[in-house]
Amino acid sequence: MGLGGCIILIAVGAILTFATDWHMQGVDLHIVGVILMAVGLIGTATFSGIARRRRIVVPPTPVVEEEPHHHHHGGGYSDGYGV
């Protein structure tokens, strides 16, 4: 669910809580409205947190390649033991 869906949940929850006086047997619409608003707020916070993390751009670090060191000792071993 995206940001739009979260805002719709908040709006529907607010309408059920504050703007209606319907009565359904076995269902408290005011509580349902509060629950919808809470879910919408949690979704909005989660969505904005994810979007904030995606916006952080870390510049790439340059890769520095070192050239291998070639020591030539005139015919011996390259590790220095057979000179």
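Patches here are built from residues with over 30% relative accessible area and no salt bridge, joining like charges within 9 Å and nonpolar side chains (Val, Leu, Ile, Met, Phe, Trp, Tyr) within 5 Å. A salt bridge is a side-chain nitrogen of Lys or Arg within 4 Å of a carboxyl oxygen of Asp or Glu. Accessible areas come from the Shrake-Rupley method with a 1.4 Å probe, and for residues only the protein chains shown count as cover.

The model is predicted: local features need pLDDT of at least 70, side-chain atom pairs count only at pLDDT 80 or more, and totals for chains, interfaces and linings use all residues. Residues are numbered from 1 along each chain as its sequence is written, and side-chain values use heavy atoms, with hydrogens and water left out.

**The chain**

The protein chain has two helices and zero strands. Helices (H or I, at least four residues) and strands (E, at least two) are DSSP runs, numbered from the N terminus. Accessible surface totals about 7,300 Å², and carbon and sulfur atoms hold 65% of that. Of the 83 residues, 14% are buried. Buried means under 20% relative accessible area, exposed over 50%, and partly exposed in between (1.4 Å probe, protein chains only). Among contacts (heavy atoms within 4.5 Å) with a separation of 6 or more, 47% link residues 24 or more positions apart.

**Helix α1**

Helix α1 covers residues 3-18. Its 16 residues reach 22 Å from first C-alpha to last, close to the 22 Å expected at 1.5 Å a residue. That expected span is 1.5 Å times one less than the number of residues. The buried residues of α1 are Cys6, Leu9, Gly13, Leu16 and Thr17. They lie on the same side of α1 because they cover an arc of only 95 degrees around the axis. The arc is taken from the directions from the helix axis to the C-beta atoms. Exposed Ile8 and Phe18 sit on the face turned away from that buried side.

| Residue | Relative accessible area | Class |
|---|---|---|
| Ile7 | 47% | partly exposed |
| Thr17 | 12% | buried |
| Trp22 | 56% | exposed |

Ile7 belongs to a nonpolar surface patch with Leu3 and Phe47, and together they have about 250 Å² of accessible area.

Thr17 also lies in α1. Not counting residues up to four places away in sequence, Thr17 touches His30, Gly33, Val34 and Met37.

Trp22 lies in the loop between α1 and α2 (29-55). Leaving aside neighbours within four places in sequence, Trp22 contacts Leu16 and Leu29. Leu16 is one of the buried residues of α1.
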